[in-house]
Amino acid sequence: MTAGTYENPVLNADWSDPDVVRVGDDFYLTASSFGRVPGLPLLHSRDLVNWTLVGHALERLEPEEEFAVPRHDRGVWAPSIRHHEDRFWIFWGDPDQGVFQVNAPGVRGPWTRPHLLKAGRGLIDPCPLWDEETGEAYLVHAWAKSRSGVKNRLTGHRMHPDGTSLLDEGEVIVDGDRIPGWFTLEGPKLYRHDGWFWILAPAGGVETGWQGAFRSRGFFGPYEERIVLEQTDTGVNGPHQGGWVRTAAGEDWFLHFQQRGAYGRVVHLQPMRWVDGGAAGSGGGWPVLGDDGAPVAVHRRPDLPPQPPAAPATDDDFPGGRHGRQWQWTANPGTGWTIRHSADGLRLACVRSADAHDPRRLPNVLTQRLPGSPCAVEVDLRLDGGGPGARAGLAVLGDAFGWIGLERGTDGTVRLVHRFAEAEAEAAAGAERDAGAPCPAPGGRARLRVEIGAGARCRFHYDVGDGPRSSGPVFTATPWRWVGALLGLFAVAPEGPGGPGGPGAAGTATFTRFRITPSGPRARTGH
C-alpha cells in the first residue's frame with residue numbers, strides 16, 4: 001500500500017450492517033448490535049478510513065425481561081443514522097417487535113428512550129428520509145421471512161416529520177419477486193438526489209449477493225433498478241448493504257460489509273461516482289461503486305485532511321475498576337455483576353447460574369468483537385473466595401465455544417482449566433469437555449492467552465507462574481447465525497442453596513491488563 005491510499009476493510013471486525021452520515025467535517029457510523037448491551041455503537045471519523053468508537057445510543061434493550069438472557073440473533077438489526085433539524089436520529093428494526101427510533105442533540109447524547117414507530121413481526125432494516133424540498137418525510141423498510149412469512153420486498157410509508165408516527169398503512173414500493181433473478185431484497189437506504197428518490201439496497205443473500213440501486217420520480221414508484229456493485233472476479237464475496245455519504249467537497253463514497261465467517265461482517269469503503277446511463281430524455285445518472293462496479297482492495301484516500309491512524313479501542317487496563325466502551329454484555333446487565341473499587345482491574349462477581357457450564361447461555365459475559373486479522377489476546381486473572389465450582393476465564397464465543405481460565409475445586413484449591421463445546425446443533429446441551437488437563441494455579445492466578453491465526457484458528461496458552469505453556473488442540477472459532485464470534489470475559493458459579501443468587505459467597509474474579517497484539521500484516525487494533 002502506497003502513501004495516499006487506503007486498504008480494505010477499513011473496519012476489520014464485525015461492524016455489521018453499517019450506515020453513515022456526515023455532519024460538518026465529521027462522519028458518524030452505526031451498526032447492528034443484536035442482543036448485546038449497550039447497543040447501537042457510534043463510531044467517528046474525519047477521513048472515512050480511520051474510525052474510533054465514541055459511544056452507544058442504546059443503554060439497555062427493551063422489554064427488559066425479554067433481554068435479561070442472551071438473544072444473540074435478535075434485538076437491534078440494521079440501523080439507519082441521519083441528522084435532521086440539529087438532531088441525530090437512528091431507526092432500527094427489532095424483528096420480533098417492530099420499528100424503533102431514538103434521537104439526540106449530539107452524538108454523545110443524551111439519547112431518548114426507544115420509541116416504537118411501527119409494531120409488528122418481521123419489520124426490519126428501516127430508513128427514514130426528510131425531503132428538504134417539500135418538508136415531507138418518508139420511511140422504507142424490508143421484511144424478515146422468519147417472522148412474517150414475507151421477504152424480497154420493500155414497504156414505504158409517509159411519516160410525520162417529527163418521526164413519531166406513520167401517516168398511512170404503507171404499500172409495497174419495490175417487489176423483488178417481479179424483478180428477474182432478484183431474491184432476498186433487504187437493507188434499504190433512502191435518499192433524495194437530483195430530482196429522484198433513490199433506494200440503495202442489497203439482494204441475493206449475505207454471502208453471495210450484490211448491491212442494487214433503485215430510482216423513481218415519486219416515492220411510491222414505479223422504480224427502475226440496476227446492480228451497482230458485485231463480486232465479479234475479486235475476493236470480496238457479497239459486497240452488501242451499506243450507506244452512501246458525500247464529503248463537504250462533493251466526493252461520494254459508499255461503506256458496506258463483507259461476510260467473513262467467524263469474523264462477522266467487516267466494513268469496506270468504496271469510491272462512488274455518477275454516470276449518465278439512462279434512456280434518452282430520462283435525465284440524471286446512475287451511481288457506479290468501486291472500480292466500475294467491482295469492490296476495490298486498495299484505493300486513493302478520500303480528499304480529506306490527513307488523520308493519524310486510528311481504530312476502535314480493544315486494549316483495557318480497566319482503570320478504577322471500569323471497563324472501556326468497547327465492551328458489551330450479552331444481555332441487559334444485572335446489579336452486582338461488577339464490583340467497583342479504586343484500583344485498576346475489572347472485578348466481576350461469580351454470578352450463580354444453572355448455566356455455569358455453558359457461557360453461550362450466560363447474560364453476564366463481557367464481550368468485544370473478534371479481530372479480523374491474526375492476533376494474540378492476553379489477560380491476567382485472579383480468582384478469589386467462593387466455593388467449589390466458581391470459575392472465570394477468557395472465552396472465544398460463537399455457536400461453538402472454547403475458554404481457558406480458573407476454577408475452584410471441591411478441595412478448595414484453584415486449578416487452571418481449559419474447556420470447549422461443539423456447536424449447539426451438533427452436540428447435546430451442556431456438553432462441555434476438557435480441552436487440556438487441569439493443573440494447579442498457585443495463588444489463584446494465571447495469565448491467559450489465545451493466539452488467533454488465519455481462518456480464526458485459536459490456540460490457547462497459560463502461565464501459572466512457571467512459564468508459558470500451550471493447552472489443548474486448535475479450536476476454530478464459529479459465528480452465530482448473524483453474529484461473528486466474540487471474545488468474552490466471565491465469572492460464574494453453580495447454583496447455591498435457594499437457586500441463582502442464593503445465599504453463600506460465590507467469589508470474585510479480577511481481570512487486569514487486557515491486550516490484543518497484532519501478529520499479521522493487516523491487524524489494526526486500537527490501543
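Asn152 sits in the loop between helix H1 (145–148) and strand S12 (153–159). In this predicted model, Asn152 is no glycine, yet its phi is positive, at about 65 degrees. With a relative accessibility of 3%, Asn152 counts as buried, because the cut-off for that is under 20%.

Gln241, in strand S18, has a positive phi too, about 55 degrees, again without being a glycine. Its relative accessibility is 4%, so Gln241 is buried. For background, most residues other than glycine have a negative phi, and most peptide bonds are trans.

On to the peptide bonds.

| Cis bond | Omega | Location of the proline |
|---|---|---|
| Val37 and Pro38 | about 0 degrees | Pro38: loop between strand S3 (26–30) and strand S4 (39–45) |
| Gly221 and Pro222 | about 5 degrees | Pro222: loop between strand S16 (210–216) and strand S17 (224–229) |

Now for the open spaces. The largest pocket holds about 810 Å³. Its lining counts 23 residues, and Arg82, Leu129, Glu132, Tyr191 and Arg192 are the closest to the centre. Strands S2 (19–23), S6 (77–84), S10 (123–130), S14 and S18 (240–246) each give two or more residues to that lining. By class, the lining of the largest pocket splits into ten nonpolar, four polar and nine charged residues.

The second largest pocket has about 700 Å³ of space. Among its 28 lining residues, Val37, Pro38, Glu59, Arg60 and Pro333 are the closest to the centre, and Val37 and Pro38 are the pair joined by a cis bond. Strand S5 (residues 52–58) supplies the largest share of this lining, four residues. The classes here are ten nonpolar, ten polar and eight charged.

What about enclosed space? Searching the whole structure turns up three cavities of 30 Å³ or more. The second largest cavity has a volume of about 70 Å³. Its lining includes Leu58, Arg60, Phe67, Trp92, Asp94 and Phe100, and by class it has seven nonpolar, two polar and three charged residues.

Which side chain of opposite charge is nearest to Lys189? That would be Asp19, 4.9 Å away; Lys189 is buried and has no salt bridge, because a salt bridge needs the nitrogen within 4 Å of a carboxyl oxygen. Beyond its neighbours within four places in sequence, Lys189 touches Asp19, Arg82, Cys127, Trp198 and Gly242, among others.

Definitions and conventions: Residues numbered from 1 in each chain as written. Predicted model: local features only at pLDDT ≥ 70, side-chain atom pairs only at ≥ 80, totals over all residues. Heavy atoms only, no water. 1 Å grid on protein atoms, 1.4 Å probe; cavity = no way out; pocket = protein on both sides within 12 Å on 5 of 7 lines; lining within 4 Å. Points joined across faces, edges and corners; volume = space filled by probe spheres on them. Nonpolar A, V, L, I, M, F, W, Y, C, P; charged D, E, K, R; others polar. Buried < 20%, exposed > 50% of the residue type's maximum accessible area, 1.4 Å probe, protein only. Lys, Arg positive; Asp, Glu negative; His and termini not counted. Contact = heavy atoms within 4.5 Å.
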